[in-house]
Amino acid sequence: LLPYNFNIFIMALEGKKIFVSADCKTITGDFAVGSSPDTVLIKDSSGASVTVASGDLTYGGGKVSFAKTHSAAFVGVLQVIAQNSSLVALASAYSVATCKISCCIAALLKEALECSCACDQCKKDLMRAEKVQLFLQAAIYEAEHNANLTQAEKNYNKASELCIEVCACGC
């Protein structure tokens with residue numbers, strides 16, 4: 001597996017930065033916007049959405065900054081949209097909340113390392129973890145660098161689909 005910091009993913013394209021906390025419950029952002037937004041809307045793949053009110057936004061020098069903590073963890077691809085009072089998008093940024101998939105990768109690696117099967121199941125667990133990691137990396141890249149939400153969602157969903165535990169050796 002490639003070395004990667006699972007705790008924080010940063011999108012730094014065109015002055016846009018979205019940070020996802022290690023528990024995927026807090027999103028902080030800092031990105032360029034032409035005029036002062038009234039709200040910032042955060043939506044995730046599960047359909048959950050949270051609004052950051054104007055009182056919780058900092059605007060200055062053509063940038064908006066915010067931090068928002070949600071009671072539940074954000075899941076999957078995130079859309080962060082700065083909006084005016086008519087809910088017209090002024091700017092947007094994208095990222096991926098990786099907690100669910102990162103936990104899966106850790107579990108698959110643990111299974112592979114502790115595996116004592118006489119067949120190839122141990123190797124299959126490790127290969128599955130690698131595939132999950134690659135799909136997660138692709139989701140992050142598509143969201144943060146290409147702003148391609150459709151492909152980011154496909155890659156994230158494939159990583160999630162591969163996150164199945166295999167009990168016992170199954171030989």
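**Salt bridges and a helix pair**

Tutor: Glu-161 counts as exposed, at 51% relative accessibility, where exposed means over 50% relative accessible area, buried under 20% and partly exposed in between, with a 1.4 Å probe and protein chains only. The model is a predicted one, in which local features need pLDDT of at least 70, side-chain atom pairs count only at pLDDT 80 or more, and totals for chains, interfaces and linings use all residues. Residues are numbered from 1 along each chain as its sequence is written, and side-chain values use heavy atoms, with hydrogens and water left out.

Student: OK, which residue does Glu-161 form a salt bridge with?

Tutor: The partner is Lys-158, with the closest N and O atoms 3.1 Å apart; a salt bridge here is a side-chain nitrogen of Lys or Arg within 4 Å of a carboxyl oxygen of Asp or Glu. Both residues lie in helix α3 (residues 149–162), 3 residues apart, which is about one turn of the helix, and Lys-158 is partly exposed at 31%. Helices (H or I, at least four residues) and strands (E, at least two) are DSSP runs, numbered from the N terminus.

Student: And how many salt bridges does the structure hold?

Tutor: There are 3, and one of them joins Lys-63 to Asp-30 at 3.8 Å between the closest N and O atoms. Because Lys-63 lies in strand β6 (residues 63–69) and Asp-30 in strand β2 (residues 26–32), this pair ties together parts that are 33 residues apart in sequence.

Student: What about Arg-128 and Asp-125, are they buried or exposed?

Tutor: Arg-128 counts as buried at 18% relative accessibility, and Asp-125 is buried as well, at 3%. Their side chains meet in a salt bridge at 3.6 Å, N to O, and the two residues are 3 apart in helix α2 (residues 121–144).

Student: Switching topic, at what angle do α2 and α3 pack?

Tutor: The angle is about 160°, with the axes 8 Å apart; axes are lines fitted to C-alpha atoms, for helices over the stretch in contact, and angles run from 0 to 180 degrees between N-to-C directions. That makes the two helices, α2 and α3, roughly antiparallel, a term used for angles over 145 degrees.

Student: Which residues of α2 and α3 make the contact?

Tutor: Taking contact as heavy atoms within 4.5 Å, the residues include Arg-128, Phe-135 and Leu-136 of α2 and Tyr-156, Lys-158 and Leu-162 of α3.

Note on methods
Parallel < 35°, antiparallel > 145°, perpendicular 65-115°, else oblique.
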